[in-house]
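Student: Hi! I'd like to talk through the pockets and packing of this one with you. Could we start with the pockets?

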Amino acid sequence: MAKGYLLGVDIGTYSSKGVLVQEDGKIIAQKVVPHGMDMPKPGYFEHDADRVWWHDFVEIVKNLLSISGVDPKQILGIGTSAIGSCVLPIDEAGQPLRPAILYGIDTRTTQEIEYLEKTLGREEIFQHSGMHLSSQASGPKIMWIKNHEPEVFQKTRWFLTSQAYLVYRLTGEATIDIYTANGYAPLFDVHNLGWREEIASYITPIDRLPKAFWSCEIAGRVTEQAARETGLASGTPVIVGTTDAAAEAISTGVREFNDMMLMFGSSIFFIVKTADLVNTSHFWSAPFLEKDAYTFLGGTSTAGSITTWFRNQFAELELEKEKNEGSNAYDRLAKLAAQSPPGAKGLIILPYFEGERTPLNDPRAKGMFFGISLRHTKADIYRAILEGVGYGIRHNLEVMEEEGVKPRRILATGGGTKNDLWMQIVSDITRVNLSIPKEQIGASYGDAFMAGVGIGLFNNLTEIDHWVQIGKIVQPDLEASRKYDFNYRLSRSLYENTKELMHELSDSLSE
């Protein structure tokens with residue numbers, strides 16, 4: 001009997017990845033394609049949907065088929081995920097009308113959020129959406145297009161998110177998964193699992209929003225046109241898919257209630273699987289990927305994006321050695337940071353370089369270097385960056401517990417987990433164990449498994465334990481933890497005592 005395969009493709013902020021997987025979870029081939037991100041103005045972050053999303057998907061699929069030698073007809077199902085939730089308007093012919101507006105790192109909608117909260121009522125929005133509006137919400141971004149680009153708004157047939165555009169290109173069907181649809185607050189009702197007709201006049205007609213399904217449901221099948229463009233076999237089932245963080249949660253082994261995925265990417269994002277919809281004022285709560293499961297989620301605006309910024313701006317020597325010697329610049333910076341003691345000699349960095357998401361929900365927050373002196377070195381500064389992200393994670397965990405959510409197991413994933421020093425710093429600051437899966441493949445692996453659920457190879461998503469094994473567990477050093485307590489307390493006070501100045505500066509820059 002011929003082997004069957006599952007295809008998973010994930011589109012990230014700075015790169016895309018695809019895997020071809022056997023039914024038992026063994027990876028046959030994988031491919032990574034890097035790409036850029038456009039920032040036309042401060043606080044504006046965009047992707048060209050065709051030049052980035054669809055281009056990467058096609059390149060990945062063709063490469064996977066080439067290096068594996070797999071007959072496209074042997075691919076049993078396709079799963080996709082991507083950054084989200086994003087807003088991409090397309091016309092009747094399926095053509096993008098502008099670059100896609102990205103997820104919470106894009107903070108252009110401050111005025112739209114204020115208007116919607118004033119008009120609809122902040123608590124009324126919360127009651128229907130399960131979350132307060134923030135830069136993560138897609139509803140205000142659609143409204144921004146309506147206000148600032150009316151010609152685009154008028155031509156729009158569908159407002160799609162990232163993986164929904166891939167599914168549309170593959171199948172011709174406009175769909176969105178329920179988990180991601182909840183990110184279109186305040187347009188989606190978390191209790192009725194449908195679009196809110198009563199507020200359509202404020203943002204967009206509901207018929208421009210795709211139909212919502214559970215993530216593992218079959219959205220459609222690969223069309224003849226998509227087959228010609230990608231090399232896939234026409235008729236191959238394609239699931240609805242989901243946002244990258246949710247797919248990554250599956251890939252890390254999140255299966256039981258109170259399992260938590262902590263993703264170290266360009267930002268920090270976490271997902272806790274819960275048995276009920278949690279009433280939260282600082283975070284977000286939503287249905288998960290299948291019936292009778294919910295999520296408690298949040299994240300910071302920056303993490304790996306700050307280390308990338310530091311590398312690009314201040315690591316000329318490390319980049320030169322990477323070019324000439326092949327050694328990774330991030331690895332060199334990590335070794336450099338290890339030369340600095342815990343607490344970075346009193347240097348504290350607030351990592352709010354692009355505002356902050358949970359639990360502050362403050363798009364006007366600003367980054368800060370505090371306590372810097374002539375004795376500080378590049379090693380201290382880089383270590384302080386890693387520690388600053390750790391303080392942000394601790395803040396999230398503390399406020400989560402105040403709202404009744406305490407993870408029983410934390411599964412760390414993402415590019416940041418390659419930095420052993422960073423993982424130890426975070427474990428020490430938070431005083432929690434970090435379980436790191438043996439295979440750090442990412443969301444595309446979760447996509448492939450979800451496709452297997454969609455076509456009936458697996459009963460449900462809890463069977464991911466057949467594929468995932470824990471590679472190591474990072475435990476806190478309590479002596480180091482005590483050293484971090486002082487800096488953490490100061491970092492919290494720094495924000496509270498300067499946030500009005502941050503807002504004043506932010507407002508002056510937007511004028």
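Student: Which residues lie nearest the centre of the largest pocket?

Tutor: This is a predicted model, and in it Ser15, Phe264, Gly265, Gly414 and Gly415 lie nearest the centre of the largest pocket. The lining has 47 residues in total.

Student: And what volume does the largest pocket have?

Tutor: About 1400 Å³.

Student: Which element gives the most to the lining of the largest pocket?

Tutor: That's α9, with five residues. Other elements that supply at least two residues each include β2 (15–22), β3 (27–34), α8 (244–252) and β16 (259–264). Helices α11 (329–337) and α14 (443–454) also supply at least two each.

Student: How many of the lining residues are nonpolar, polar and charged?

Tutor: For the largest pocket, 15 are nonpolar, 24 polar and eight charged.

Student: Which helices supply at least two residues of its lining?

Tutor: α2 (110–129), α3 (139–148) and α15 (478–510) do. By class, the lining of the second largest pocket splits into eight nonpolar, 10 polar and eight charged residues.

Student: Where does Thr109 lie?

Tutor: Thr109 is in the loop between β7 (100–101) and α2.

Student: Buried or exposed?

Tutor: Thr109 is buried, at 1% relative accessible area. Beyond its neighbours within four places in sequence, Thr109 is in contact with Pro140, Lys141 and Trp144.

Student: Switching to Gln440: where is that, and which residues is it in contact with?

Tutor: Gln440 is in the loop between β23 (434–437) and α14. Setting aside neighbours within four places in sequence, Gln440 is in contact with Lys17, Ala412, Thr413, Gly414 and Thr417. Gly414 has come up already, as one of the residues nearest the centre of the largest pocket.

Student: Which side chains does the Gln440 side chain make polar contacts with?

Tutor: Its side chain makes one with the side chain of Thr413 at 3.4 Å, and another with the side chain of Thr417 at 3.0 Å.

Student: Now the core. Which residues touch the most other members of the largest nonpolar core?

Tutor: Ile142, Trp195, Ile271, Phe288 and Trp467, out of 67 residues in that core. α14 gives the most to this core, with seven residues.

Student: What about Ser285, buried or exposed?

Tutor: Ser285 is buried, with a relative accessible area of 0%, and it lies in strand β18 (residues 284–287).

Student: Which backbone atoms does its side chain reach?

Tutor: A polar atom of the Ser285 side chain lies 3.1 Å from the backbone nitrogen of Val278. The Ser285 side chain also reaches the backbone oxygen of Thr295 at 3.3 Å.

Student: Last topic, cavities. How many of 30 Å³ or more are there?

Tutor: A search of the whole structure finds three. The largest cavity has a volume of about 150 Å³. It is lined by 13 residues, with Gln136, Tyr179, Gly183, Phe269 and Leu297 closest to its centre.

Student: How many charged residues are in that lining?

Tutor: The lining of the largest cavity has no charged residues, with six nonpolar and seven polar.

Methods
Residues numbered from 1 in each chain as written. Predicted model: local features only at pLDDT ≥ 70, side-chain atom pairs only at ≥ 80, totals over all residues. Heavy atoms only, no water. 1 Å grid on protein atoms, 1.4 Å probe; cavity = no way out; pocket = protein on both sides within 12 Å on 5 of 7 lines; lining within 4 Å. Points joined across faces, edges and corners; volume = space filled by probe spheres on them. Helix = DSSP H or I, 4+ residues; strand = E, 2+ residues; numbered from the N terminus. Nonpolar A, V, L, I, M, F, W, Y, C, P; charged D, E, K, R; others polar. Buried < 20%, exposed > 50% of the residue type's maximum accessible area, 1.4 Å probe, protein only. Contact = heavy atoms within 4.5 Å. Core = buried A, V, L, I, M, F, W, Y, C linked by side-chain atoms within 4.5 Å. Polar contact = N/O pair within 3.5 Å; in protein donor to acceptor, adjacent residues only side chain to side chain.
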